[in-house]
Amino acid sequence: MKGNLKERLETLAVVVLLPIFTAVILFQLKQTTSNPVKPKAILQANRQIAADHSSYKLLQQDFTDPRDVTEACLTCHTKRDEEIMATAHWRWERETVLPDGREVSIGKKNLINNFCTGAVGNNGSCMRCHIGYGWKDKSFDFEDPRNIDCLVCHDNTGTYFKQKGEAGMPATKETANKFYSVPDYNYISANVGLPKRENCGICHFYGGGGNNVKHGDLEESLLDCSREIDVHMTSEGIDMQCTDCHLTENHNIKGKLYSVSAMNKNRIGCEQCHTDAPHQNRIYDNHIEKVACQTCHIPTYAKGNGTKLWWDWSTAGDTKDGQPYHESDVDGNHNYLTIKGNFVWDDNVEPEYYWFNGTADHYVTGDKIDETPVKINELMGNYKDSEAKIWPVKVHRGKQIYDTGTNELINLKLWAKNEGEGAFWKDFDYDTAAVLGMEYVGREYSGSYDFVRSDVYWPLSHQVAPKEQTLSCKECHSRDGRLSELNDFYMPGKTYEAYIDWFGMISVILSILGVLSHAIGRYVFSVKRKRKENS
Amino acid sequence: MEKIKLYGNYERYWHWAQFGAISTLTVTGFEIHSSYELLGYENAVNIHNIAGWGYSILLIFTIFWMIVSGMYKQFLPTTKGIDKQFRFYSMGIMKKEPHPMKKTPENKMNPIQRLTYFGLMWFLLPLQVVTGILYLYVNIAKDIFGVQSIEWIALLHTLMAFMIIVFVIIHVYMITTGHTLTAYLEGMITGKEKV
């Protein structure tokens, strides 16, 4: 009977075990092959405008002031001015609750950064990127809808430009020169449409005084780029426009830039098109809980052109024979400018990686410096934060002016039209520039300054690489991989406890030595025994 | 000495399947631990997970089989005769003294084997399977058990892996302690052994 039971069990083992084995292994195998979800994208930017604007009499008048164009737009597009005036594109600030609970209104209007240090007080130059006409000083009327510049975003002819140094105004008959001519408003207004890459790019590519100075992942090569640079925007493929991801309703554009934002609101997610389990591979998809898509899919940034990684203002102001000068690096990027100091540029940069939960702290103008480097912004989050994911980040490091008396960062007057007005870029005198800059914003300046290290953190989202160039496991899952600086959690292949590895290795070695000596003992005894038998 | 059937078909199948699984898991596991590079990280992970699943099923089934067939009784530890067995391994074996215990199909294990296999079958291997599954499904484990980090799971899993290697080293060596060097190996292949 016993033998019978054993045989039956053996049969059972084969009959039950084998199918389970096969099924589980097939199931597991299936999960290791990935068959990505096909994204369902509706490309809104490619929608054609139904109305033929060239047939409107209203737009065929003889425009001399661009404000009259705006007024003409608003005749039909009623209430759009109210939408615009509620946006940060117009106000350059936003009511914000910082992670520490402080309620502030921050934005480009009042923040100090570590590139050109700040727009306020340098309106003539900086407010060229404001979507309004003539924000040249504090007298600008934010309530006047005629001040809205519709064309800078909606021109589809590529012929409309705001003039340099004119606080957001295009060239007029008086200011036109060989670089800027008066726009042909009839032609432009007949050809308006949804914003294209060129419209967004004119400000978002060139911010900070040149192409790709700031973002690193957003620059002019995206206008016509290869798949290697950006799989979404490539002209070799799907050729997406900015607003295909930055979905827009009532002029409220989705998406957050954390050099000026702080709250986890109105953000774009890749899952908009790709779902939250895009790989159809369990292990890959599990990563999404703690790893941003960008981390693996943006292995390097600044792929088309270099980006600025270091800006040292402390060396600015040096002249040769009283004249400003510049020096360039091997790639042709400036590494010294009298007006701006020393730079380091680089292209194809590996990002740095930080936990980020969608909220950021900020150095708000007037804050005391309590740590160096000063954190212009700080991405919040850590491993235990359920909202936080590991993000690739461009960190721009620099050295900028601060008040040694009050221990605060300084607002500088950098720009003026002419020499002798006290602007640093014309007269190269930091003290005067600080006095005037601080006076403009109504802050106190003690009269003594020095330079302090400061860092700003820009999470990356653009220049997504083709899937073949996605990070391999080993880039992070290794002892000195890309995430070697993130040490608040256990990661396979990266983290190990030396005492366990040592204990384990010593145990293995001891057991080998143990069996070896036992074997030698047996051998020695058997040799002795044989000798005895022979003798 | 007579040759008798000592290991049934399932026991042998179990043994060699376990051998395959543990070898695979060890080689891929220590690659995942970044001890070396061999198959490529992603391959190592996938193979490790599949082998781990296969091994888990085998172990669960074997435990079931042992309980139902009463085979588990052979794995219950005893201290009776353990001193003799210890003396044999440390001294007697050198002098070619006979084994202090005669194997029968109902009692194949000497007291030291019983102790070792009891620890292996009921603690080391199941613990490895449990930590392995928690490790693999940490996202789910987080929701059910409130596991905050895989850290202690992973460290335990690594430590146990070292211990299994230690077992295997000694185990392989002990195969040579039959009445000839290969007698035990033949026993586990054919099922028949001279006792």
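Biologist: How many residues does the contact take from chain A and from chain B?

Modeller: Two residues are in contact if their C-beta atoms, placed from the backbone, lie within 7 Å. Here chain A gives 40 residues and chain B gives 38. This is a predicted model: local features need pLDDT of at least 70, side-chain atom pairs need 80 or more, and totals for chains, interfaces and linings use all residues. Residues count from 1 along each chain as its sequence is written, and chains are lettered from A, ligands numbered from 1, in written order.

Biologist: Which element gives the most to the side of chain A that touches chain B?

Modeller: Helices (H or I, at least four residues) and strands (E, at least two) are DSSP runs, numbered from the N terminus. α1(A) gives the most, with 13 residues.

Biologist: Which residues touch the most other members of the largest nonpolar core?

Modeller: Nonpolar side chains tend to be buried together in soluble globular proteins. A nonpolar core is a set of buried Ala, Val, Leu, Ile, Met, Phe, Trp, Tyr and Cys residues joined through C-beta atoms within 7 Å. Buried means 20 or more other C-beta atoms within 10 Å of a residue's own, placed from the backbone. The largest core has 56 residues, and Tyr354(A), Leu379(A), Val393(A) and Leu414(A) touch the most other members. β13(A) supplies its largest share, five residues.

Biologist: Where is confidence lowest in chain B?

Modeller: pLDDT is the predictor's confidence in each residue, from 0 to 100. Helix α5 (residues 138–145) of chain B is lowest, at a mean of 75. The mean for chain B is 89.

Notes
A residue is buried if 20 or more other C-beta atoms lie within 10 Å of its own, exposed if 12 or fewer, and partly exposed in between; C-beta atoms are placed from the backbone.
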